[in-house]
Every structure is written in C-alpha cells, then in structure tokens.
Amino acid sequence: MTDPGFQPQEYVVNDVFDTRVSKSRRMYVKEYKKIGEGAFGTVVEAMVAEVDENGQQKENPFGPFAIKRVLAQTEYKCRELEILRLVIHPNIVRLRYFFDRKSRTDGKIYQNLTMECLPSNLQNEIKYYRGSRYTIPYPHMKAYTFQLARAMMYLHGFSISHRDIKPSNILVDPSKVKLKICDFGSAKQLEPNAPSVSYICSRYYRAPELIVGCTVYTTKIDIWGLGCVIAEMFLGKPIFQGLTSELQLKEISKLLGPPPNTFFFKSNPQYHGNMFSTKLFTCSVQERFKLIFCNSPDDVIDLLLKVLVYDPEFRATAASVLVHPFFDELKESNFHVYPRGSSEPLRMDLYDFSEVELNFMGDLKQKLLSRP
Ligand SMILES: Nc1ncnc2c1ncn2[C@@H]1O[C@H](COP(=O)(O)OP(=O)(O)O)[C@@H](O)[C@H]1O
Ligand SMILES: [Mg+2]
C-alpha cells in the first residue's frame, strides 16, 4: 500500500511488553511503511531494537514487524490483545510485543500490537492471479486451505470464534506458501447458549444464520467463512456478493437452493425478512455446485458441499475438514510446491501437529495421521 500522507517515524518507548519472555523492555521503534488501513486501525511496517537507560541501542534494529495501532481502552480492543496473547499456533499471526503510546497528532492513547510481518494477504494473492487470468495453483490452494482449517481447529478447540474470516484477514507468504490468520478485532470466546451480537463478519462471508439474526451461534460461522474463502480461491472472486444483508441470503440460495423452514426456526424464530423460498434453478444442488465450479476437481466440490451448509449443526467442523480426501495429496512424503517465480520445489510437511491440536481432533485423530 502506498500512502503519500504517511510520515516515517522513529521513537523510543519505555514500556514495551515482550510476550516471549513476559517482561517489559525499553525499545527503539522505526516505522517506515504503511501496510494496512482497516475500519479500526492502521498497520505499519517497522524495525525494533532494545535500548539501554541512556537511549543507546543495544543491538541492530531487527524485523520487520507489523504494528497495528488502534485507540486504546475500548472493550473491543482489549479482546484482540487478550486473544492474541493466548493463541500460539503456526497458522496464527504471532504477537511479539505490545505497548501503549500517545499520538503526537491527536493526543490520544493508542495500543500498538507488534506482530510478525507477512508479505501479503490472500485477497492480494487472489487478485494477483485473477489479473493474469489464472487461479492460485491447486497444490497451493490445498496447502493454504489446510493451514486455514488447521488454525480454525485450534481456535475452535478453545471455543474462540474469529468472527471475521475473509481473504484480507488471512496473511500469506507466497514464497513459502505459508498462511496465518490475522485480525482478531472481532474474535470472541463463545460460551454455549450465551447470546452474542449477530452483526459481525463482512457481508459476503456472513453465515446464513447471522444474516437472519441468530444470536446463539457457534464457531461454525467461521466454517462458513472458510467455505467462502475456498470458493473464492477457485473462482477468483467472492462467491456470494449480496448488495444488502438480506440479498446476501438470495445469493446463497442461488447455489444452495431455498433455505429450509427449519433453518429459520432454529436460527431465529422471530425472523420476518424475505425467506427466498422460490427455487431459482431446476437441477439438483450437487449439479448446481458442479455447474458453478465447472473447472474444479470433484474432491473440492465434495468438500464445499459439506462446508457450505445452511444448518450449522450439519456444517462440517474444522476437524472433519482436515481429514477430507481433498488433502490426501498433502500427506505424501514428497509433497512439494513451486512458489511463484521459483523453479525450485519446496517440500512441505503440514502434519506437524502439536499434542494440543491432536487432542482437539478427538475421534478423528487416527484418520488425520493415517497415511494413504
Ligand atoms: N502481521 C501482519 N503482517 C502483514 N500485514 C498485516 C499484518 N497485520 C495486518 N496486516 C495488513 O493490514 C491489513 C489490516 O489489518 P487488520 O488486522 O485486518 O485490521 P482491521 O481491523 O483494520 O481490518 C490486513 O488486511 C493486512 O493486509
Ligand atoms: Mg481486517
């Protein structure tokens, strides 16, 4: 992102909390590039170095880091920090430091979340390939989807719902085909049967139960987002592009058929909006998927049929996604990819699961680890 108004800044902060060793340090920060601007914050790229009491650098600046700056002291922001401190996973962006600092322009206190920095996000990647009339290569899509589902399995194991899954919140390093979820600004640890606001998630990626105003939803809302992201990688554009929140449901019905009556009743018995009960195509839902994903392999269509399901109860879990045959190729001992612009094969082992993750897999653990 190029921002002509961006002013590079260098400063020293006395109380920078280092999450690796759980202690505060005095640090020099050199911000040199703006890399993101969202609804709630600015993200800049920076290098940092520890400094002594006299302000002398103890080491050469290192990085790069991505610093997300948001207004401090709102309930919303505390949650992002709290959750980021809790989650340590190879496919979730790692928080390295955080500090509060007063802005020189408006005098307000901002919270600065200092994270590892990745070179791109999935939205840029999809756009890049679309611009050259291709899609992301299949093996890369597989590797990305697997890593995304793996991060979700971990989060959902702690009952944490990300609540804003979409390509711009998914960081990637195309040179390593690595993926990490970011932006925990909407994330929440959900408690069973406790209500939460339904107006979360960006429209195109909103699960149908949220569209109709369900307030006791589950982490399955993220699985819907996962389905939309997979579909977008294959199609090169968002699959459901509703003009309004209500019309979003119509777009979904163009692929899945009309929502069943039980769906409305289970999600929100008080729903009074349009139910889009007229079937807009004549073939079966399976045939409809094949038509929309006409250039995609059967195994991904089968996966999408299990993920893009109206009723969250019958929608796949992250664990069941991970054991889908679509990923069998990743289990092969010589699975490799050719990162963009490279003729060197890159071997990838995506099955280095931790004990915590394997416990979250439950009954599906054996299936996950079995070799084809
Ligand atoms: N750790 C990071 N490394 C690289 N880029 C990042 C990082 N975190 C955020 N970004 C970029 O900044 C954008 C906005 O950050 P995000 O956390 O999504 O903020 P917002 O809540 O404003 O959407 C992201 O879409 C991404 O492109
Ligand atoms: Mg974001």
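**Questions on a predicted model**

Q: Is Gly 273 buried, exposed or partly exposed?
A: Gly 273 has 13 C-beta neighbours inside 10 Å. A residue is buried with 20 or more other C-beta atoms within 10 Å of its own, exposed with 12 or fewer, and partly exposed in between; C-beta atoms are placed from the backbone. So Gly 273 counts as partly exposed.

Q: What kind of model is this?
A: Residues are numbered from 1 along each chain as its sequence is written, while chains are lettered from A and ligands numbered from 1 in the order in which they are written. Local features need pLDDT of at least 70, side-chain atom pairs count only at pLDDT 80 or more, totals for chains, interfaces and linings use all residues, and the model is predicted.

Q: Where does Gly 273 lie?
A: Helices (H or I, at least four residues) and strands (E, at least two) are DSSP runs, numbered from the N terminus. Gly 273 sits in the loop between helix H7 (261-267) and helix H8 (285-292).

Q: Which residues does Gly 273 touch, not counting residues up to four places away in sequence?
A: Two residues are in contact if their C-beta atoms, placed from the backbone, lie within 7 Å. Gly 273 is 51 residues from Asp 222 along the chain, and their C-alpha atoms are separated by 23 Å. The contacts of Gly 273 are Val 212 and Glu 246.

Q: Is Ser 277 buried or exposed?
A: Ser 277 also lies in the loop between H7 and H8. There are 12 other C-beta atoms within 10 Å, so Ser 277 is exposed.

Q: How many Å separate the C-alpha atoms of Pro 269 and Leu 346?
A: Pro 269 lies in the loop between H7 and H8. Pro 269 counts as exposed because it has 7 C-beta neighbours inside 10 Å. Pro 269 and Leu 346 are 77 residues apart along the chain, and the C-alpha separation is 51 Å.

Q: Is Lys 68 buried or exposed?
A: UniProt lists Lys 68 for "binding site" in an unreviewed entry. UniProt positions use the numbering given here, feature names are shortened, and annotations may be inferred rather than shown by experiment. Lys 68 is found in strand S4 (residues 62-71). It has 28 C-beta neighbours inside 10 Å, so Lys 68 counts as buried.

Q: Which residues does Lys 68 touch, not counting residues up to four places away in sequence?
A: Strand S4 (residues 62-71) holds Lys 68. Leaving out residues up to four places away in sequence, its contacts are Gly 41, Val 43, Leu 113 and Met 115.

Q: Which peptide bond is cis?
A: Pro 64 lies in strand S4. Omega is near 0° for the cis bond from Gly 63 to Pro 64.

Q: Which elements give two or more residues to the shell around ligand 1?
A: A residue is near a molecule if its C-beta atom, placed from the backbone, lies within 6 Å of it. Ligand 1 is surrounded by 21 residues, and the closest are Gly 36, Gly 38, Val 43, Ala 66 and Asp 183. Two or more residues come from each of strand S2 (23-37), S4 and strand S6 (109-116).

Q: How many charged residues are in the shell around ligand 1?
A: Ala, Val, Leu, Ile, Met, Phe, Trp, Tyr, Cys and Pro count as nonpolar, Asp, Glu, Lys and Arg as charged, and the others, Gly among them, as polar. The shell has 11 nonpolar and 7 polar residues, and its charged residues number 3.

Q: How many Å separate the centres of domain 1 and domain 2?
A: Domain bounds come from an automatic or database domain assignment. Here that gives domain 1 (9-116) and domain 2 (120-369). The shell around ligand 1 draws at least three residues from each. Taken over C-alpha atoms, the centres are separated by 30 Å.

Q: How many residues of domain 2 are in contact with domain 1?
A: Domain 1 contributes 11 residues to these contacts, and the number from domain 2 is 15.

Q: What is phi of Asn 193?
A: Asn 193 is in the loop between strand S11 (188-189) and helix H4 (208-211). Asn 193 is exposed because 7 other C-beta atoms lie within 10 Å. Its phi is positive in a residue other than glycine, near 65°.
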